[in-house]
Amino acid sequence: MTCTKSPIINKSEKTRLRGVLLLNKPVGVSSYDCIRKIKPIIPKIKIGHAGTLDPIAQGLLIILLGEATKIAQYLSFLDKEYIAKVRLGITTDTDDITGKVIKESPYEHINKENIINVINSLKDIKTQQPPRYSALKYQGKRMYDLARQNINFTPKAKPVKIKQIEILGFNPPWLEIKTTVSKGTYIRALARDIGEFLGCGATLEELIRTKIGKFRIQDAIDLENISYELIEKEMYSLNEVLNDIPAIVVSETIIRKVLNGQPLSWTQTEDLHLETDLIRITDNQNRILIIGKCKDNKIYPDRVIYADLSD
């Protein structure tokens, strides 16, 4: 991530450990397993994450500490970059290599030109059918629960965008790709669709998440090395993480009005030329962080992230 971490000053533990940690999740553990590993180190601090990774996958996981758990919604829209290894010639019920093989097909006739044609066509897709084994809900129930009960259903297609996709290597039956996708895109389903378009079937064998928005795996720490000292050293502040959202600094008097739900007018925020409807509201001592939304020449409080003002 292209920002500099601020030094930690003498504050309470709750305030010091309010921020974001970039973690390199290993293969074989769930995103929540990572939280379980961190929790005993900082038992009094609330912990969450922004964007889950399947156990089969490794790579960048954004860990949210303390009030940072309140900003997940502002990170969920970020594009994600992956490197995926796809196995041609087999179809599984989970769309990845951990599932049951339900079909095997010849793949020897597939050449790189076929792959290039499919990759180019994928750039134009606007929807994707999620895997049956996913945490999404179908008629109020988790789809993976329905799939495990062998209940027949068809997942509803979701809007997605394949923003970039390129071939890194092709050594049949393996295809390696690098792709940048919008929120909600399943790389398992992308591997499945590649196999369907090629007519030979395919499933996801390996997956690495390398970027989430501006956050990079190169800046992440390993789970096995996690410690209290490392968390303090490597944690990013909320303002650093949200620095793509324009910020305004206002007086304590105005802050208190905002905390009571009153909107800010443009005259209170000088000349703002915003390319987004979101804005950060702080005071000059960083005792407060509110995310506001702009509408009809006013800024309305959308989410109070923290408020350290005295009563």
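Where is Asp95 found? Asp95 lies in the loop between β5 and β6, in a model that is predicted. For this predicted model, local features need pLDDT of at least 70 and side-chain atom pairs count only at pLDDT 80 or more, whereas totals for chains, interfaces and linings use all residues. Residues are numbered from 1 along each chain as its sequence is written, and side-chain values use heavy atoms, with hydrogens and water left out.

The protein chain contains nine helices and 20 strands; these are DSSP runs numbered from the N terminus, helices being H or I of at least four residues and strands E of at least two. The C-alpha trace spans about 70 × 45 × 40 Å along its principal axes. Of the 311 residues, 44% are buried, where buried means under 20% relative accessible area, exposed over 50%, and partly exposed in between (1.4 Å probe, protein chains only). Among contacts with a separation of 6 or more, 68% come from residues 24 or more positions apart, a contact being heavy atoms within 4.5 Å.

Strand β12 (residues 174–181) has pairing partners that include β4 (residues 80–88), which it meets in the antiparallel sense over eight bridges; two strands pair if DSSP finds at least two bridges between them. Within this pairing, Glu81 stands opposite Thr180 of β12. Strand β11 (residues 162–171) also runs antiparallel to β12, joined to it by eight bridges, and Ile167 has Ile177 in β12 as its bridge partner.

Asp95 counts as buried because its relative accessibility is 6%. Not counting residues up to four places away in sequence, Asp95 touches Pro131, Arg188, Ala189, Arg192, Thr203 and Leu204. With one of these, Arg192, the side chain of Asp95 forms a polar contact of 3.3 Å; such a contact is a pair of N or O atoms within 3.5 Å, and within protein one must be able to donate a hydrogen and the other to accept it, while residues adjacent in sequence count only if both atoms are side-chain atoms.

Thr98 also belongs to the loop between β5 (90–92) and β6 (101–104). Thr98 is classed as exposed because its relative accessible area is 58%. Its side chain makes a polar contact with the side chain of Asp96 at 2.4 Å. The C-alpha atom of Thr98 is separated by 33 Å from that of Ile42, 56 residues apart along the chain.
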